[in-house]
Amino acid sequence: ERFLYNNTGYYLLGMVIEDVTGNAYHVEVRRRLLAPLGLDDTYLEGPESLPGGLVVRSYEHRSGPYVDITSLTHPSLGWSAGSYISTAEDLEDWGRALLTGRVLLPATRALMLTPTALPGGRTGQTGLCIFVQNLGGTLGTLYSHHGWFGGFRTVMGYLPAHDAMTV
């Protein structure tokens with residue numbers, strides 16, 4: 001009927017991965033995706049430690065200056081729905097690998113990048129987890145995804161017409 005984004009499917013996917021493999025979610029993601037793609041600066045908050053004992057702090061802009069809200073929420077709460085901490089370089093490499101076909105089978109990639117058909121002949125703004133927007137002109141189609149969780153925000157976009165990735 002309409003588009004409504006939520007993270008429940010990602011949590012369920014994490015549980016399915018653990019049930020099917022018998023391993024922790026982060027172990028399988030590291031073994032099957034992060035290591036083969038060379039994403040050595042990407043970690044799942046909680047079960048994986050950041051190098052050098054770094055602590056990730058979160059900030060929110062309320063009515064005034066930015067406020068440290070690290071003690072109010074913890075990024076590990078997102079688990080398989082988005083608790084990864086990464087560098088811009090690793091995120092760029094991940095986005096490029098995902099969107100150019102190095103991660104998924106061609107049929108699955110096509111589903112991910114094809115906007116969903118809605119009732120009444122309408123078309124949604126997403127494929128499977130990827131927002132699809134025709135920018136027109138020489139820019140062409142933009143594939144993107146963004147995330148937000150308790151003081152953290154990430155946006156990733158890819159313009160295939162220019163092989164341009166932005167994070």
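The following questions and answers cover charged pairs, a charged patch and backbone angles in a predicted model.

Trainee: How many salt bridges does the structure hold?

Mentor: The criterion is a side-chain nitrogen of Lys or Arg within 4 Å of a carboxyl oxygen of Asp or Glu. One of the pairs is Glu28 with Arg32. The number of salt bridges in the structure is seven.

Trainee: Which parts does the salt bridge between Arg57 and Asp68 tie together?

Mentor: The side chains of Arg57 and Asp68 meet at 2.8 Å, N to O. The pair ties together parts eleven residues apart in sequence, because Arg57 lies in the loop between strand 1 and strand 2 (59–61) and Asp68 in strand 3 (residues 66–68). Arg57 has 43% relative accessibility and Asp68 has 30% relative accessible area. The parts tied together are therefore the loop between strand 1 and strand 2, and strand 3.

Trainee: Which residues gather in the patch of negative charge on the surface?

Mentor: Patch members need over 30% relative accessible area and no salt bridge. Asp41, in the loop between helix 2 (25–37) and strand 1 (43–44), has a relative accessible area of 40%. The patch is made up of Asp40, Asp41, Glu89 and Asp93.

Trainee: Near what value is phi of Cys129?

Mentor: Cys129 sits in the loop between helix 4 (106–113) and strand 5 (131–134). Its relative accessible area is 37%, so Cys129 is partly exposed. Phi is positive here in a residue other than glycine, near 75 degrees.

Trainee: Is Asp163 buried, partly exposed or exposed?

Mentor: Asp163 belongs to the loop between strand 7 (152–159) and strand 8 (164–166), and its phi is positive, near 45 degrees. Buried means under 20% relative accessible area and exposed means over 50%. At 44%, Asp163 is therefore partly exposed.

Key. Residues numbered from 1 in each chain as written. Predicted model: local features only at pLDDT ≥ 70, side-chain atom pairs only at ≥ 80, totals over all residues. Heavy atoms only, no water. Patch = residues over 30% accessible without salt bridge, like charges linked within 9 Å, V, L, I, M, F, W, Y side chains within 5 Å. Areas by Shrake-Rupley, 256 points an atom, 1.4 Å probe, with all protein chains shown as cover. Lys, Arg positive; Asp, Glu negative; His and termini not counted. Charge placed at Lys NZ, Arg CZ, Asp CG, Glu CD. Helix = DSSP H or I, 4+ residues; strand = E, 2+ residues; numbered from the N terminus. Buried < 20%, exposed > 50% of the residue type's maximum accessible area, 1.4 Å probe, protein only.
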